[in-house]
Amino acid sequence: MLFRSATGCTLVDTEARVSTVAEFKDAIANAKAGDKIILDADLVIDETIVIDKNITLDLNGKTISNTQDLWSDVNWSLISITSGAEVTLDGDGKLIAKENDCYGIDVQDGSKLTVNSGYINGNISAIYAYEGTVTINGGKFEIQQLADGFKNPYSFMLNCYDSAFAEGKAKITVYGGEFVNFDPANSDSGEGNLLAEGCVSTANEDGTIYTVTKA
C-alpha cells in the first residue's frame, strides 16, 4: 500500500504480510527499523529463523512450528534474535517447538525481546536469554521436555545464561502472562524472582497455572 505524506512524498507501508517460510525470511532481510511482519498462514520451519532487525512480529493467530529437529551447537530455538535487534511479539498466535528438540525463542548479542501476547511452548525453556533483555507483558508459556534432575523440572521455563546474568548482560522481567507449572517468582534461573516490581504471581486452585498481574 502506498500513501502520500503531508509533503507529497510517496511512502511505503511498513507492514509485510507473509504466507510462506521464504516470504518470512525475505521480509526479515528487507525490513527497516520499526517495520511489522504479519503472518497470514501457519509456518512449518526446517531451520531456526534469525531476526536481526528492529521489528514487530505479529503472529496474527497463526503458528510457527517444526517437525524435524532444529537443535545444533549454533541453533537452539524456533526463533533467534541476534545482532542487538529489538523485537516485539504480538498477535495471539503460537510458537510450538518439536518435543525434545529446541527452545521457543532465544535472545543473543544484547538484543531485546518484548512479548505482549501469544503462546510459546518450548523444551526445557520457552525463552532463553543468552545475552540480552526479555520483557514479558502477556502471553502463555509452557514446556514439553522437562529439566530432569531438578527439584522443579519446570523451573527453567524462562532462563538466563548464568554467567551473562551475573555480569548484567542477561535479564528477564515479567509484568504479566500465564505460566504452566512455573512460578516466575520462584525460578531456578538468575536471581530466582523474575517478577517486575509491583507485580505478583497467583496460582490457580490446583497449582498448575500461575498468572502474573500488578499487585
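# Questions on a predicted model

Me: Why is K25 called partly exposed?
Reply: The relative accessible area of K25 is 31%. Buried means under 20% and exposed means over 50%, so K25 falls in between and counts as partly exposed. The model is a predicted one.

Me: What makes the pair E47 and K25 a salt bridge?
Reply: The N to O distance between these side chains is 2.3 Å. The cut-off is 4 Å between a Lys or Arg nitrogen and an Asp or Glu carboxyl oxygen, so the pair qualifies.

Me: How do you know that E47 and K25 link distant parts of the chain?
Reply: E47 sits in the loop between β5 and β6 (49-51), while K25 belongs to helix α1 (residues 21-30). The two are 22 residues apart. E47 has a relative accessible area of 39%, so E47 is partly exposed.

Me: How many salt bridges does a search of the whole structure find?
Reply: The search finds four. One of them joins D40 and R17.

Me: Why does the pair D40 and R17 count as a salt bridge?
Reply: Their closest N and O atoms are 2.9 Å apart, and the limit is 4 Å, so the pair counts. D40 lies in the loop between β4 (35-39) and β5 (43-44), and R17 in strand β3 (residues 15-18), 23 residues apart.

Me: Are D40 and R17 buried, partly exposed or exposed, and what are the values?
Reply: D40 has a relative accessible area of 30%, and R17 has 48%. Both values lie between 20% and 50%, so both residues are partly exposed.

Me: What makes K169 and E167 a salt bridge?
Reply: The closest N and O atoms are 3.5 Å apart. That is within 4 Å, so the pair meets the criterion.

Me: Why do K169 and E167 get their labels of accessibility?
Reply: E167 is at 54%, which is over 50%, so E167 counts as exposed. K169 is at 44%, so K169 is partly exposed.

Me: How do you know that D35 has no salt bridge?
Reply: The nearest side chain of opposite charge is that of K32, 6.2 Å away.

Me: What does the side chain of D35 reach?
Reply: The side chain reaches the backbone nitrogen of K32 at 2.9 Å. Leaving aside neighbours within four places in sequence, D35 is in contact with T14, N54, I55 and T56.

Me: Why is D101 said to have no salt bridge?
Reply: D101 lies in the loop between β11 (94-96) and β12 (103-107) and is buried. K98, the nearest side chain of opposite charge, is 6.1 Å away, and the limit is 4 Å, so no salt bridge is counted.

Me: What makes the pair D101 and N66 a polar contact?
Reply: The side chains come to 3.0 Å. The limit for such N or O atoms is 3.5 Å, so the pair is within it. Beyond four places in sequence, D101 also touches other residues, including Q68, W71 and Q145.

Me: How do you know that the buried residues of α1 share a side?
Reply: In α1, F24, A27 and I28 are buried. They cover an arc of only 100 degrees around the axis, which puts them on the same side of α1. A29 and N30, on the other side, are exposed. The buried residues pack against β3, β4, β5, β6, β7 (55-58) and β8 (63-65).

Me: Why is N137 called partly exposed?
Reply: N137 has a relative accessible area of 36%, which lies between 20% and 50%, so the label is partly exposed. N137 is found in the loop between β16 (132-136) and β17 (140-143). A polar contact of 2.9 Å joins the side chains of N137 and N116.

Me: Which residues touch the most other members of the largest nonpolar core?
Reply: I79 and I136 do, in a core of 51 residues. Among the residues I136 touches, beyond four places in sequence, are V115, F141, V174 and F179.

Technical notes: Residues are numbered from 1 along each chain as its sequence is written. This is a predicted model: local features need pLDDT of at least 70, side-chain atom pairs count only at pLDDT 80 or more; totals for chains, interfaces and linings use all residues. Side-chain values use heavy atoms; hydrogens and water are left out. Helices (H or I, at least four residues) and strands (E, at least two) are DSSP runs, numbered from the N terminus. Buried means under 20% relative accessible area, exposed over 50%, partly exposed in between (1.4 Å probe, protein chains only). A nonpolar core is a set of buried Ala, Val, Leu, Ile, Met, Phe, Trp, Tyr and Cys residues joined through side-chain atoms within 4.5 Å. Contact means heavy atoms within 4.5 Å. Lys and Arg count as positive and Asp and Glu as negative; His and the chain ends are not counted. A polar contact is a pair of N or O atoms within 3.5 Å; within protein, one must be able to donate a hydrogen and the other to accept it, and residues adjacent in sequence count only if both atoms are side-chain atoms. The arc is that of the directions from the helix axis to the C-beta atoms.
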